[in-house]
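Hi there,

Here is the structure I promised to pass on. Please have a look at it first, and then read my notes below.

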Amino acid sequence: MADCGRATPADTDAADSRTASPMTAKKRAQQSPGLRPKYQSSATGHCFKRVTLTKPTFCHSCSDFMWGFIGFLCEVCNFMCHEKCLKTLRSACSCMAPSLVRVPAAHCFSPAGQKKRFCCVCRKQTEGNTALRCEVCELHVHADCAVFSCADCRICHLDGTLEQDTFHHHWREDNLASAARCEVCRRSRGSSDVLAGMKCEWCGITSHVACYLSMPPECTMGRLRCMLLHPACVRLDSRNFSKMHCYRITESCSHDLDDSDDIDPSAAVSKDGQPAAPDSGKQFLKVFDGDDAAKRGHFRLISILRATRNEEVVDAALRAFYLPDELQDYELHEIGGLQRLHSDDILNRNSGPDNRSSLKDAGDVWLLRAKPRDAEIIKVYVGWPRLGAAFVSVSVSKNSTAASVLTEVLSQLDRQDEDGSSFSLLEVLMSSKQVQRQTLTPQEKILDKLQEIRKVSLRQMNQTRFYIVENRNRSVQVSLLIGGLPPLLNKDEYSQLVQEHLTIKSHLVAISHIYASQGAVALQISCFSEAERIYMLAKDTSVNSKPLSSLVIPEIMHNNLGEGVCPLLVFVNPKSGGLKGRELLYSFRKLLNPHQVFDISSGGPLAGLHTFREVPRFRVLVCGGDGTVGWVLGVLEAVRHKLVCREPPIGIVPLGTGNDLARILRWGSGYSSEDPHHILACVDEAEEVLMDRWTILLDAQDISEDGKDNDFLEPPKIVQMNNYFGLGIDAELSLDFHLAREDEPDKFTSRFHNKGVYVKVGLQKISYTRSLHKELQLQVDSQNVPLPNIEGLIFLNIPSWGSGADLWGSEVDSRYGKPSIDDGLLEVVGVTGVVHMGQVQSGLRSGIRIAQGNYIRLTVSKPIPVQVDGEPWIQPPGHIIISAAGPKVRMLRKSKLKQKKSSSGVKDGRSESPSSRVGGH
């Protein structure tokens, strides 16, 4: 039953099973007796044939099981349906996808996961390592199908080229779960066995294919609209920047998508499910769709009978390239020769009496060409908001120029009184990887242009459309964030560095922001080509042996944010939690605007904070361990004076090993594949709390035996502490773990393995003795505090230590107050060794309470292991001072009510998350 979702149950050799066709197909069949009739749908582009079912099969229209032995299969996209569903069919064929695009937007492809998905081009299940997925939308394709998908990704920002007045649903046919319900009729919609049902990729609502067009076109953005960054509020002048650059996505796809249609015969046979034995009576032809494919060697394989008429070969070639045109407009040319197949030619490998057009002699390699045309009708789309049809049809002849087409279009739009020179004709190539735009000159011949495009690639011609746009002299502003520079320099020094290494043009480039503590500057560039040059050059440049980073930064038009909207800024550490961080990054990009989701391993937290610098109110979600949370809090503290919202509250998705801060804020002990939509809903309903932060001054000096300070051993160091600060055995275990992880980082991909390593290094130190009380002098609030015989000293800011252990204990003691994360006090606790730490972890004991205060001073006489929030090192002798670090930080604590709701489950289908309705991410 593993193949039951595929649309390959048909016996394609059953010639007698093909049905009678509509009148158009009958006429073509009468003109070409060698072609057998088929069902054709001009509206949806499908080309159906009746087939005999040989495997369990589901209808792609209604998703019901197909009882009986007869079904209808599209020969282009493998769409399978009942005969009764033909009358109400709304799903368009893959060959028609370019004509359905509203505003072109390229995809961001990367290797897909292992979950069961279906290709949006050929509708077959994606398998193995050759499957791709878009990082921004729900598009899944085979690697060799990617070039036949068009630029129909989500529109996530405005680029000033093509305008739109309203924001519509972005519908995509999706692999919905069986429990999904139609938003219109409320009946069950989904099926995990086929690609069936429609889903809006912004608000997440689902619908039958027959129902979704009856819904209002405007999208309300769904449950997450209060935290979502609306595309109308984001502007980015990108031009030729790829979407990978615009969304700061690492190009991890190992193979070039341009080569994805270069497949070997065995791969093609395996995918089509039609193994061709030597004596099967079939043969394969290599067909190119233009000069570009012939030069690159990118061909498509078509399977034909050994004796086949030319028209059938042309028909098969058009289907292979997903071209919806009429076959009489095309012909086949032999590669490397002048031979041309005419309509009465018969391809026959077996040497017949006439020996006509022997394919063996021709080499089995052919070029599909469009026949020259004296006139044709083109569609010209309107590049500004307009009621009614999105395009107008214009007839062009050999003498038609871009200027004459513009005149005709303006006439049909009732704007003939306007000056035609104020408009331009824009050619747009909507390839799946990048949208390319070219303005045509007024004298350019349209038919010659069409012929030129078809000669280069017929596939590109199917993905090309023309727009009429108004000529406007809009100023170009591209913002780049350059990181990796030396920190703590002044503006002149940064200007000199940038000029020296990037050779910027001062009249086009200006430094708009300087982040000296982070070693980064923001450049404002008024020229596309200069921005592209600087972006690429910075990635290949190093300063003081440190490579520079370069990120494209969008502009958030904060004045356009709706009332009550508080955008969520998401930081994800993909290196945390094994592969879970990577999947969360992918899920949040789909659920939110990808411009508000940042990969913290690429550019750090500064890129996101700089992007949101002018947003008056926003929240932050950090997906990572305690170290990642501390990183974000540290950068926020350093740049908060440059933000309009200086104290954004911060929530956590725990991806680390200990996750102590996430535990006390109720976000859990670790991420265990919860529904990402539910996580965002919890963030939306979370309550704000305050938390203390502490500054630790480490002043390394040579301390003599009489306690006097001598020379400095190293420059003083200042670090920030959020959770706890440890000295002695606790820090030594952290240091051993840290060194083991540095030696073999690939092995430390799960919390279970990490904790196992902690246990191992702990057992190795079980007999460790140090007498820490002889090496330390402790002052709390200017009072000397004697230390008991301990091996480790720990200062707690939160009531969770070592993966959730309560080191302070719950016993009531009149000498101390009850610990809290915002009481302005640190709890000082000691442990006697590894055994004691294990007892604390097991809940059998608590630590030794020593003191409680807000100003700590330590004198260290010998080098000692220390750790701050899990980051360990060896600290030389000297003084350590711990004090409060300015204002308290605002954190988000998960609502208890939300926890009860999530445990009891969701009964109302309307409150379900989109990801749960589609079977997760």
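This is a predicted model: local features need pLDDT of at least 70, side-chain atom pairs count only at pLDDT 80 or more; totals for chains, interfaces and linings use all residues.

The largest cavity holds about 130 Å³ of space. It is lined by 17 residues, and those closest to its centre are Lys199, Glu201, Trp202, Lys590 and Leu591. Which elements each supply at least two residues of that lining? They are strand 9 (198-200) and helix 12 (580-591). If you sort the lining of the largest cavity by class, you get nine nonpolar, five charged and three polar residues.

The other part I would like to show you is strand 23, which covers residues 464-470. Is this strand enclosed or open? Buried here means under 20% relative accessible area. Six of the seven residues of strand 23 are buried, so the strand is largely enclosed by the rest of the structure.

Strand 23 also has pairing partners that you can trace in the model. With strand 21 (residues 423-430), strand 23 runs antiparallel, and seven bridges join the two. Within strand 23, arginine 465 is the bridge partner of valine 428. Strand 19 (residues 375-382) pairs with strand 23 in the parallel sense, over three bridges.

Happy browsing, and do write back with any thoughts.

Best wishes

How values were computed. Residues are numbered from 1 along each chain as its sequence is written. Side-chain values use heavy atoms; hydrogens and water are left out. On a 1 Å grid over the protein atoms alone, a cavity is a set of points where a 1.4 Å probe fits but cannot get out, and a pocket is an open set with protein on both sides within 12 Å along at least five of seven lines; lining residues have an atom within 4 Å of a point. Grid points are joined across faces, edges and corners, and a volume is the space filled by probe spheres set on the points. Helices (H or I, at least four residues) and strands (E, at least two) are DSSP runs, numbered from the N terminus. Ala, Val, Leu, Ile, Met, Phe, Trp, Tyr, Cys and Pro count as nonpolar, Asp, Glu, Lys and Arg as charged, and the others, Gly among them, as polar. Buried means under 20% relative accessible area, exposed over 50%, partly exposed in between (1.4 Å probe, protein chains only). Two strands pair if DSSP finds at least two bridges between them.
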